[in-house]
2 protein chains.
Amino acid sequence: MSKIYVKKEKTDKMQDLIIKAAIKVYAAKGMHGIRIADIAKEAQVSYGLVYHYFKNKEDVLNAIFSKSINIFLRAIENASVQDKTLKEKLGSITTFLFNACREFPEFMYVIMFEVIWTPKFLETRNFVTFTRAFTIFEKILIEYQKKGELKGDINTTVSTYMFFGGLEMILTGIVLKAIPAEKHETFHNLSSNFINQYINGLTAAR
Amino acid sequence: MSKIYVKKEKTDKMQDLIIKAAIKVYAAKGMHGIRIADIAKEAQVSYGLVYHYFKNKEDVLNAIFSKSINIFLRAIENASVQDKTLKEKLGSITTFLFNACREFPEFMYVIMFEVIWTPKFLETRNFVTFTRAFTIFEKILIEYQKKGELKGDINTTVSTYMFFGGLEMILTGIVLKAIPAEKHETFHNLSSNFINQYINGLTAAR
DNA sequence: AATTATTTATTGACAAATAAATCAAAATAA
DNA sequence: TTATTTTGATTTATTTGTCAATAAATAATT
């Protein structure tokens, strides 16, 4: 292991530490209220150190965005490869996001509330990365539509937006405790309720 | 017309002027970037005048929120009274929001991106007002579920969140031009695609 | 109806507050 | 010994909120 490699590893580690803290602050105060001082405090690190690892505040925000998107993308890409049936594919995406929501609520909060549709975010190249998730998802639908498993008159774009929009709103409701879901069982139920309603609106009656 | 009434009318007019400008700025810069100086400029009014009509910045933001929510609520409450069938009710809510999106994009932008789920917003009593929309909607579903028009195993809470989440995401896509919808016809199609998929996922097969 | 007084609206410069970014010095690691 | 990391006080920048001065509108007085 070269010195340069070790150094990079250390740098990555610190950046990750700071980003994680930043995400917590972000979740608590939102895009508008986030302050470098808070991030430093949350990370138990001095104010100046944040500027050692990031050029400026903008740079920290971008890092938050990138990290969030990548996790999100990977889940969808995996699902599109591994599973066989449509229900399996959509089910595994749903399950992944439901679980993430339970295990890393602050993290999901940032993705859902802030990353997806903030104007700041949309300005950047990141938007392209994000819409990739939509495109991957829509491709799955189109594929199964060709196979005749979806009604022919389904507008796959509308369906794609309905999937992510609906899912986002439910997860949001859970994170905010507007939808009660403490128990593991409840979680599982909500997840399957969602996927059932979504699918049965898509698949042709037999 | 009493003097006091005229004065109030003038005050209301100015407040509305400023709020409208604030909404434009909000749509352009988001919650984080909004500045009193920008609002004053957009309203073509001096900096200090904003403070004559509003106590502080907070007060301006709250006014934006209230105005947005009320329009939103009225649409849903109206639909729940006027229309007969489930499809009619859901259809008129959908149509209203689609039209609003076309006619007052900045306004809808604020509702969709900022008002609904920003932490600032959630702290306030406004959240109660907003979830009222969800409750009214869910009552419609429950009513028709009792009549036997919905499958018995439908979770109406999940369905409610799916409705608003899906709709929000599609409208967002349109506003951001990720979904192309210049023509009136396209708009109408998207709207009916949405409602069809949503309903057919809800109603029992006959 | 004209004049004066009083209230209200409007302005923009300025002070106060807040937060970002810098930087020289200290601590630590190589 | 040298390079890198870490610190936090200081500086710089930005933005809120205040305020005294002016303009306009309304009311009172002659």
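The paragraphs below go from the fold to the core, then to one residue and the DNA. The model is predicted.

The largest nonpolar core holds 105 residues. Which of them touch the most other members? They are Ala22(A), Ile170(A), Ala22(B) and Ile170(B). Ile170(A) shows contacts in both chains: leaving aside neighbours within four places in sequence, it meets Ile179(A), Leu190(A) and Phe194(A), and also Val158(B), Tyr161(B), Met162(B) and Gly165(B). In soluble globular proteins, nonpolar side chains tend to be buried together.

Val25(B) lies in helix 1 of chain B. Is this residue buried or exposed? Val25(B) counts as buried because 23 other C-beta atoms lie within 10 Å, where 20 or more are needed. Not counting residues up to four places away in sequence, Val25(B) touches Ile34(B), Asp38(B), Ile39(B) and Glu42(B). Between Val25(B) and Ala40(B), 15 residues apart in sequence, the C-alpha to C-alpha distance is 10.0 Å.

The last stop is DNA strand C, with 19 residues around it. Gly48(A), Asn56(A), Lys57(A), Ser46(B) and Gly48(B) come nearest. The elements giving two or more residues to this surface are helix 2 (36-42) and helix 3 (47-53) of chain A, along with helix 1 (3-33) and helix 3 (47-53) of chain B. By type, the surface near DNA strand C has eight nonpolar, six polar and five charged residues.

Definitions and conventions:
Residues numbered from 1 in each chain as written. Chains lettered and ligands numbered in written order. Predicted model: local features only at pLDDT ≥ 70, side-chain atom pairs only at ≥ 80, totals over all residues. Core = buried A, V, L, I, M, F, W, Y, C linked by C-beta atoms within 7 Å. Buried ≥ 20, exposed ≤ 12 C-beta atoms within 10 Å, placed from the backbone. Contact = placed C-beta atoms within 7 Å. Near = placed C-beta within 6 Å. Helix = DSSP H or I, 4+ residues; strand = E, 2+ residues; numbered from the N terminus. Nonpolar A, V, L, I, M, F, W, Y, C, P; charged D, E, K, R; others polar.
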